[in-house]
2 protein chains.
Amino acid sequence: MLEKNQTAFLSINENFSVNPRYDEIHGGNIIDYGYESGIIDFSANINPLGLSPKASEILKDFNKLKFFTENYPKNYPEPFVNALSFYHGVEKQFICEGAGASELIFNITARLNPKNVIIVEPSFYEYERAALSKLQKSKIFHINTYLSENFELKEKSLSKLINCISENIVENDVVFIANPSNPAGNITPLQTIIKILKKLKEKKAFLILDESFMDFCEDFSAKHLIAGTSLDDKKLDGTYKFDNLIIIRSMTKFFAMPGLRIGYAFAKPFLAKLLSETSIPWKITSLSEQIAYLSICDDDYILRSRLLIKELRKDFENKLKKIRFLRIIPGSANFFLIKITNESLNAKNLKNYLLECGILIRNCGNYRGLNDKYFRIAVRKKSENDYFISRLKKIKF
Amino acid sequence: MLEKNQTAFLSINENFSVNPRYDEIHGGNIIDYGYESGIIDFSANINPLGLSPKASEILKDFNKLKFFTENYPKNYPEPFVNALSFYHGVEKQFICEGAGASELIFNITARLNPKNVIIVEPSFYEYERAALSKLQKSKIFHINTYLSENFELKEKSLSKLINCISENIVENDVVFIANPSNPAGNITPLQTIIKILKKLKEKKAFLILDESFMDFCEDFSAKHLIAGTSLDDKKLDGTYKFDNLIIIRSMTKFFAMPGLRIGYAFAKPFLAKLLSETSIPWKITSLSEQIAYLSICDDDYILRSRLLIKELRKDFENKLKKIRFLRIIPGSANFFLIKITNESLNAKNLKNYLLECGILIRNCGNYRGLNDKYFRIAVRKKSENDYFISRLKKIKF
C-alpha cells in the first residue's frame with residue numbers, strides 16, 4: 001500500500017479524492033455568500049454574543065495590526081498557553097497549541113498512524129478525512145448511535161462500540177468521540193468515557209475526545225482524566241491517569257473566532273511535546289494568538305456567554321417544540337439536531353425555503369447514520385431565533 | 001523504525017527533539033522583544049516598503065475584520081489562486097495554496113515520504129526538520145557550497161551534488177535547493193537547475209526548489225519548467241516539462257506579511273491537487289487571503305518594490321564594502337551574507353553590540369557550513385541602512 005501510494009506520484013492520471021466540496025460537508029460557509037450578504041447563519045454553531053469585546057479592541061488598532069502582519073509570529077504562544085493552563089487548571093506540559101482543532105486532528109492522526117480507526121457517528125467529517133489523508137490510510141469502522149436512544153452513546157451503541165474495540169483495535173489504534181457530540185449535541189457521561197478508556201488501555205490504543213463544544217457545558221470535560229489533578233472532590237474511579245486519552249479543544253465555537261484558526265489539545269506531556277515539536281513553525285498568527293489570549297482571560301464575557309446561551313437555548317427549544325412537524329433531539333450544546341416528521345418536507349427543501357428568507361441552516365442529509373429528514377441549527381440571538389420560528393410557522397402543508 | 005516510533009507513544013520517557021529554541025535557528029524574532037520595542041530588525045528579510053498600501057486598507061476596516069474573525073474562511077481561496085495564475089502566467093491547476101511556505105515544506109515532505117533527502121547548504125533549517133519530523137525519518141545528506149565559490153552551486157559543490165544523487169538517491173527521494181539561496185542570496189542559473197532535474201528524473205526523484213525570495217529577481221524563476229508554458233521566446237533546452245519539479249513560494253518576504261502565514265507551490269496538477277486535498281481544512285485565514293490577494297494585484301507596489309530594493313541594495317553594498325573588517329558575499333536577493341575578517345570579532349559579539357544600538361542581526365554561526373564569523377542582514381530603508389553603517393564605523397580594534 002505504501003509502495004503503491006509512493007510510486008503513484010510520477011503517474012499523472014492517478015485518481016484520488018477525499019475532499020468533496022466543502023459547502024456540502026460542513027456548515028459555516030456564509031463567506032461564500034459574500035461579506036454584507038445579510039444572511040443569518042444558523043449553520044455554524046458560533047457564540048451569538050460574537051467575539052469578546054476586550055479581544056475585539058485589537059481590531060481597532062491599525063498600528064498593532066500592521067505590526068502583527070509585518071513581523072513573524074511567536075513560535076510558541078506562551079501567554080496563551082499560560083492563560084489556558086489557568087483557565088482549565090491543567091498544567092502547561094499537558095497542553096499543545098494548534099492552528100485550529102482540525103490541524104490537531106490531522107497532526108495527531110498522522111503521528112499515531114493507526115491501522116484502525118473507530119468513529120462514533122453521526123460526527124465531524126474531518127476525523128474520517130484525516131484517517132484517509134495519511135500516507136497509509138487507516139481502516140475505518142463507523143459505530144452509529146440511534147434515534148431510539150436520542151443519538152446518545154449508551155446501551156445498544158455503546159455495546160457495539162465495546163465489541164468493535166475488542167474485535168478490531170490493536171496497539172496505537174484510535175477511537176474518535178465528540179463530546180458534546182455534533183450534530184446531536186448530547187453529552188457522554190464521564191463514567192462511559194472511563195469505561196471506554198479502560199478498554200482501550202488494555203489494547204494500548206487511544207481515545208481522541210473532541211471537546212470542541214465543551215466550553216458551553218464545561219463541567220462535563222474529561223480534561224482531569226489525563227493529569228489526574230483537581231478530581232479529589234469527586235472521585236469517579238480509582239484510576240484517573242489515562243495516558244491514552246487525547247482531548248481536542250477549539251477556540252472557534254464558544255469564543256466566536258472561526259476565521260482565526262486556533263485550538264489546543266490536552267495529552268500526556270511526552271505526546272504534547274512531540275506534537276508541538278513535529279509541527280510547522282509559526283503556525284498560529286500573532287493576531288489569532290492575541291485575540292485568543294484576551295478572550296480566554298475575559299471572565300465576564302465567558303460567564304455572560306454561558307448564562308445567556310443557556311437561557312436562549314431554553315427559550316428557543318420551547319418555541320421549536322411547538323412546531324408540529326419537528327422533533328427536537330435532546331442535547332446540551334449551543335445547537336439543535338432536528339428531525340422533520342412531515343412526509344412532504346425534507347431538509348433540502350427546507351434549506352432552500354429558508355435561504356429565501358435570509359436564513360442558512362445545515363442540511364444533515366450527508367452525515368453518516370442520518371438522512372434527508374435531519375437538519376441542524378445554532379442557538380442565536382433572541383430576535384434571530386424568533387425570526388427563525390416565525391418563518392417556520394409560515395410553512396403550511 | 002516505524003514500529004519503534006509507534007510503540008514509543010505509550011512510554012512516557014522517550015526522548016525526542018527536533019525543535020531547538022527558535023530564536024537561535026531563525027531570524028525575525030523581533031516580536032519577542034515586544035511590540036513598540038523600536039528595535040530595527042535586520043535579521044528577517046522583509047520588503048522595507050512594508051505591506052502593500054492597497055492591502056493595508058483592510059486593517060482599517062473594523063467591521064470587515066470582525067466579519068473575517070467571526071466567520072469561517074473559504075476552504076479554497078479561489079480569488080487569490082486566480083490572481084497568482086495571472087501574476088505568474090501559470091495555469092491554476094499547477095498551483096497549490098499553503099499556510100506559509102513552511103506548511104508546504106512539511107506537507108510535501110510528509111506526502112512524498114523520501115527515504116533520502118539531499119540539502120544544499122547553508123540553507124533554511126526547516127527542510128531538515130521536515131525530513132526528521134516525519135513518522136519515518138529520512139536519511140539526510142548535506143552538500144556544502146564554498147566560500148571559495150562564493151557559496152554558489154557550481155563546479156566543486158555541483159559535482160558533489162551530482163555524485164551524491166548518483167550514489168544515494170532512489171525513487172521518490174528529494175533534493176532541496178533554495179533559489180535564491182539563503183543566507184548567501186545567490187542565484188543558481190536555470191541551466192544548472194535543468195541539469196539537476198534531468199539527473200533526478202532518471203531516478204524518478206524530486207527537486208524541491210524553494211523560491212521564497214524569487215519575487216525580488218523574478219526573471220530567474222524555474223516556474224515555467226513545470227508547465228512548459230511561456231518559454232517559447234527563450235528556449236534553454238529541448239525538454240521543459242519536468243513533472244519531478246516542485247517550486248515553493250512565499251508571500252512572507254517580498255509582500256511583507258510574515259505574520260499572516262501564506263504561501264503556495266507550483267507542481268504538476270496531480271500533485272498540486274493531492275497536496276490540497278490531503279491538507280487541513282480552512283488553513284488560510286480570511287484576513288490572510290484578502291491581504292495576499294490585494295497585494296499580488298498591486299502592480300504599482302510590486303514594481304516600486306523591485307526598483308527601490310535594487311537601488312537600496314546597491315547603495316548599501318557600496319557602503320558595506322568600505323568597512324575594512326567585512327567581506328560581502330556577492331548575491332542577488334534583498335539581504336547580504338557577510339563574513340567578519342577581523343580576528344578579534346565574531347558574529348555573537350557583533351550581534352550583542354548592535355542590539356545595544358537598537359539593531360537586530362542574524363548570527364549565522366549555526367548554519368551548516370558556516371561558522372561564528374558569518375552574519376546576515378536585510379536591505380532596509382536608506383536611513384536605517386545608513387544608521388547600521390554608522391554603528392559599524394564606531395567599531396575600533
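This is a short walk through the two chains of a predicted model.

Some housekeeping, quickly. The model is predicted, so local features need pLDDT of at least 70, and side-chain atom pairs count only at pLDDT 80 or more, while totals for chains, interfaces and linings use all residues. Residues are numbered from 1 along each chain as its sequence is written, chains are lettered from A and ligands numbered from 1 in the order in which they are written, and side-chain values use heavy atoms, with hydrogens and water left out.

Okay, the overall picture. Chain A has 15 helices and 13 strands; those are DSSP runs numbered from the N terminus, H or I of at least four residues for helices and E of at least two for strands. Out of 397 residues in chain A, 62% are buried, and buried here means under 20% relative accessible area, with exposed over 50% and partly exposed in between, using a 1.4 Å probe and protein chains only. Contact means heavy atoms within 4.5 Å. For contacts in chain A with a separation of 6 or more, 72% are between residues 24 or more positions apart.

So how do the two chains relate? Turn chain B by 180°, shift it 0.0 Å along the axis, and it lies on chain A with an RMSD of 0.0 Å. That is a two-fold axis relation. The superposition is least squares on C-alpha atoms of residues with pLDDT of at least 70 in both copies. And 100% of the interface residues of chain B are interface residues in chain A too, so the copies meet through the same surface.

Now some helices. In chain A, helix 7, residues 125-133, has seven of its nine residues buried, so it is largely enclosed by the rest of the structure. Among the buried ones are Glu126(A), Glu128(A) and Arg129(A).

Over in chain B, helix 6 (residues 101-112) packs on helix 7 (residues 125-133) at about 40°, axes 9 Å apart. The axes are lines fitted to C-alpha atoms over the stretch in contact, and angles run from 0 to 180 degrees between N-to-C directions. Helix 6 of chain B contributes Ser102(B), Ile105(B), Phe106(B) and Thr109(B) to the contact, and the residues from helix 7 of chain B include Tyr127(B) and Arg129(B).

Next, a couple of buried residues. Leu326(A) sits in strand 9 of chain A, residues 326-328, and is buried at 8% relative accessible area. Beyond its neighbours within four places in sequence, Leu326(A) touches residues including Ile338(A), Phe375(A) and Leu392(A). Leu392(A) is 66 residues away along the chain, yet the two C-alpha atoms are separated by 10.0 Å.

Ala222(B) is in the loop between strand 6 and helix 10 of chain B, and counts as buried at 1% relative accessibility. Its contacts outside four places in sequence include Leu190(B), Leu209(B) and Ile247(B).

Which peptide bond is cis in chain A, around Pro180(A)? That one joins Asn179(A) and Pro180(A), with omega about -5°, and Pro180(A) is in the loop between strand 5 and helix 9 of chain A. In chain B, the bond from Asn182(B) to Pro183(B) is cis, omega near 20°.

Then there are positive phi values in residues that aren't glycine: Arg261(B) at about 60° and Trp282(B) near 55°. Arg261(B) is buried at 6% relative accessibility, and Trp282(B) is buried at 7%.
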